[in-house]
Amino acid sequence: MTSIDDSRIAGVQDPSVQIHAAPETPQGYGSMKRKEDARFVRGRGHYVDDIVLPGMLHGAVLRSPLAHARIVSIDTSAAEAHPKVHAVITGETLAGLGLAWMPTLSYDTQAVLATDKVRFQGQEVAFVVADDKYSARDALALIDVEYEPLTPVIDAKTALDRGSPVVRDDKEGKTDNHIFDWESGDSAATDKVFAEAEAAEDQVVVTADVLYPRVHPAPLETCGALADMDPVTGKLTLWTTTQAPHAHRTLYAMVAGLPEHKIRVVSPDIGGGFGNKVGIYPGYVCAIVASIVTGKPVKWMEDRSENLMSTSFARDYHMRGEVAVTKDGRIRAVRVDVLADHGAFNATAQPTKFPAGFFGVFTGSYDLEAAHCAVTGVYTNKASGGVAYACSFRITEAVYLIERLVDIVAHDLEMDPAELRMKNLLHADQFPYQSATGWVYDSGDYPHTLQVALDKAGYQELRAEQAERRRRHEAGERVDLLGIGLSFFTEAVGAGPRREMDILGLGMADGADLRVHPTGKAVLGISAQTQGQGHETTFAQIVAAELGMSPDDIEVVHGDTDLTPFGLGTYGSRSTPVSGAATAMVARKVRERARIVAAAMLEVSADDLEWNDGRWQVAGDPEASKTIAEIALAAHSSLELPEGVEGHLDASCVYNPPNLTYPCGAYVAVVDVDPRTGTVNVRRFIAVDDCGVRINPMIVEGQVHGGLADGVGMALMQGIAFDLDGNCLGGSMMDYLLPTSLECPSWELGETVTPSPHHPIGAKGIGESATVGSPPAIVNAVVDALGPYGVRHADMPLTPAAVWSAAQGRPLRTDLAIT
Amino acid sequence: MQVPAQFAYEKATSVDDAIELLARHGPESLIVAGGHSLIPMMKLRLAEPSTLIDINGLTDLDYIRVEGDQVRLGAMTRHATVLESAVVREHFPILPDAERTIADPLVRNRGTVGGSLCQADPSEDLSAAFSALRADVVIRGAEGQRVVPVREFHHGPYETAVAHGELLIEVRVPIRTRTGSAYQKVERRAGDWAVASAGSVVSLDGDTVAEAGIGLTAVGASHFVAAEAEDALRGRPATDEAFTEAGRIAAEHCAPSADQRGPVDYKRALVAELVARTLQRATARARGEA
């Protein structure tokens, strides 16, 4: 329909021309306050639980108190007799509709409501629908379930033992708890290097067992849904807490057999996601079924404990890492074995061909001769695990492992960890760099980024203070030990090229459409869904930069499948790399349409126009120019339009990324450890991030702040252990601790800017960088502090008990109950 | 959202009214003061009182005043008030030390001294602090009022000397000369319950410990007290060696249990360390050095 030359809209823009506007109202990139904050700071955000519909009913879920038990019987009669109860739905009810089980995002199945047995504590057993949430909750106590307890599988390390109870005996012929084996890298080449290293005098093999324990995303807003099936039109409207409204709509169509054009999924304001709201939970399906059954809107919002105990967990990787290294610190190869605890249902959210997510980037930021990893997934009697908790699809685990390993190598070789890293980091001239496991890193200048962080930290002065404190400690003084921890991470974000990356067959591209109204104001529709990332501001700034507009004149619409183009949503730091690219591209399409109209307005050939200063201008005649607003009005006027434009400037596009983007960063944690009590104080934290071009630096810094706080939580306090009966020991915020301002230092941020060469505006993802990069820095710092005690490694969370026990040489096993 | 079971609500207009309401509504009725323990328990349906009797209107129980050689704290005195009180800081620095570690500012603005004691959580901080201070509590019932030493107040986890139909109305803390006190808590995160805490009160006679009070929380110490360590310290010179020895004895005689806050050996090690540290600090304060 248009004569737009695609070559005109592709390619990287020079970022330096974009970043100069005033802080409050930049015309394009630059720090500006978030547009969405006006409603949030006034308490006018609108979340799923704020929505009230006439005649709305309320649902509540009955959950299993046991981790593993056969269901003998369920008696719902007393609950049904409750005067305010409208319906009680059980697995049997759903089985009649073919909905007792649903597919997971990893081609497994998951019980919506248990039929045969319960497989984790907190699993959904029945759903009560009542006039109000109090009555729904009261009625749960009236349901009588008889269980026959079974031995649970709790310790992932014994899940594959012969004779272990079988968690998934619903799967025909299943006789063990094995889910998958997956490997990456060149096994033979890696083994060869290790054999050489073992034989050579000047080389060593360093080995360590490292656990990344189970953690939970714990968004402030728990999960929930309000389902409204209109019995007349047959249209289902579902307001729900989802990071991926379009993908959810398609999945509901596939699973429930509802026609997709009769499903509207609305994700209103979302109070944090962190991956928790990627999957579809039984409660959502129950709310939909309940609305169909009762003919009324049905709302279900889980409570805090339900969120922590039953929705998808993350991590739970038991890793063994080996490093072949020369004694002077040249890292040659890395070999990794992982036991992955996926819980009772393999509901991991990740691209189909990557059952261990992007764990394959475990070679980190280093130039290796060879690398290999093998990952085995197992079922246990725990809630399904493996969501992308701000982890970029398991890059968190990968980075944590390699950064711990590098520090352990430094420990064993008695080298300075900064020096060891400098010696092995990739250099700027090696990019694009293909890693030993096949990932093509796009750009970076790692030694520079690390040096900026070391300088900012005052690394040598800190080492001097550490030595002095150690001296006093050895002399018997009660003195805190100082620990300095580094991490250097490379992320691979922006999934992804659809040839390689899909979720349940849906390619991981994103759409954008841009309408420019006659008066020059614009509405951008995107398929990504903000959960606090500031899309309404950042994406408006992208359009503003491309079209010479003010971000205030661009409204960003997202989260409503009836109003926005298809795309896979927001997780894995993919919004700016994919949806942001789509936004730049659609704006460039609009700009090219505007060029044709401007040429007609100025009575010149389109080829004589150049885009200067945010307007189309006749080459060599700065006075003859038109802004987008002027052109938009003309496009809707009686002006006779040339071929290529029918009457408006609107455009849409889909962006299929050619590669992931590879942000990196160098972090330095400085901690004070009281070795007699085990308490850790994070004194300073220096974070130098390189996420390419920064659209809104203030939002970038906010993202980093949040991720760093998250990292403090994971490293020091967040942990969900299970006792051997399968009781979840982190089911409330008294037990699952989130960090507060008192645990967080005043963050010291820095930046280097290496644009992505393939991204339209040179940007890379940033949302998860700090969550990925900070835990290893903090753990490295704590272990470093405990040097006088000979500590080489200790597993997270490094609670005071874990730190003290490590110092005593009796490290805790943090995935199981402390006994 | 977590929602409680159905309950009735009454607002007491006076102490006598509260006592009368307790009698009228029977054994399933409960007093609510700050509510920061009870309301969460109700939401989790761990507590399902038939009636809540709200005593937040009893502002006459919200006071801190000196009477003779005692400081008296009304049961409805909020944590934040204790934390900010100059009188308390002057005589009993152990209390602001402890209050600073209790929950967070929101809870401290609402939670009360009486409520904390009556909740009798085995990890409660003020119980250890008042035990170290050898405070007394005043309990009022339909038959009148009685004074009970804090060291006899707790009958076990979540159990106290307050019978149904009674109300704790006041805490009385003796003022002693040449006395210092201190409290220290180890927690996994600000606002968490203690992994272990110790509070010490030291009265000096010259350089000798004339009397010592050592309170412990979260480690299964009977009545929140390290009595054997106190006995060992009494009459001995106030030296670091004596404090270390007192810590060792306290660690030996407490009865911690393992949980996600730590294994038993760690909790005992903490007791030893925290007792020694707080004794040092209390002594320094008694000498006017800190």
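R214(A) touches, leaving out residues up to four places away in sequence, F313(A), A314(A), D316(A), D341(A), H342(A), G343(A), K382(A), A383(A), G385(A), G719(A), I720(A) and F722(A), where contact means heavy atoms within 4.5 Å. The model is predicted, so that local features need pLDDT of at least 70 and side-chain atom pairs count only at pLDDT 80 or more, while totals for chains, interfaces and linings use all residues. Residues are numbered from 1 along each chain as its sequence is written, chains are lettered from A and ligands numbered from 1 in the order in which they are written, and side-chain values use heavy atoms, with hydrogens and water left out.

R214(A) lies in the loop between β10 (203-212) and β11 (224-229) of chain A, the strands (E, at least two residues) and helices (H or I, at least four) being DSSP runs numbered from the N terminus. With a relative accessible area of 2%, R214(A) is buried, a term that stands for under 20% relative accessible area, with exposed for over 50% and partly exposed for what lies in between (1.4 Å probe, protein chains only). R315(A) is 101 residues away from R214(A) in sequence, yet their C-alpha atoms are 5.1 Å apart in space.

| Pair | Distance |
|---|---|
| R214(A) side chain, A383(A) backbone oxygen | 2.9 Å |
| E124(B) side-chain oxygen, L126(B) backbone nitrogen | within 3.0 Å |
| D674(A) and R277(B) side chains, N to O | 2.8 Å |

The pair E124(B) and L126(B) sits at the start of α8(B). All 8 of the 8 residues of this helix (residues 125-132 of chain B) are buried, so the helix is largely enclosed by the rest of the structure; among them are D125(B), L126(B) and F130(B). Just after α8(B), R134(B) adopts a positive phi of about 55°.

Between the chains, 36 residues of chain A are in contact with 29 residues of chain B. The two chains bury about 2,700 Å² between them, 57% of it on carbon and sulfur atoms, buried area being the accessible area (1.4 Å probe) that two parts lose on being put together, summed over both. The interface holds 5 salt bridges, each a side-chain nitrogen of Lys or Arg within 4 Å of a carboxyl oxygen of Asp or Glu, and D674(A) and R277(B) form one of them. On the side of chain A that touches chain B, α4 (133-140), α8 (304-310) and α18 (800-807) of chain A are the elements that give two or more residues.

Technical notes:
A polar contact is a pair of N or O atoms within 3.5 Å; within protein, one must be able to donate a hydrogen and the other to accept it, and residues adjacent in sequence count only if both atoms are side-chain atoms.
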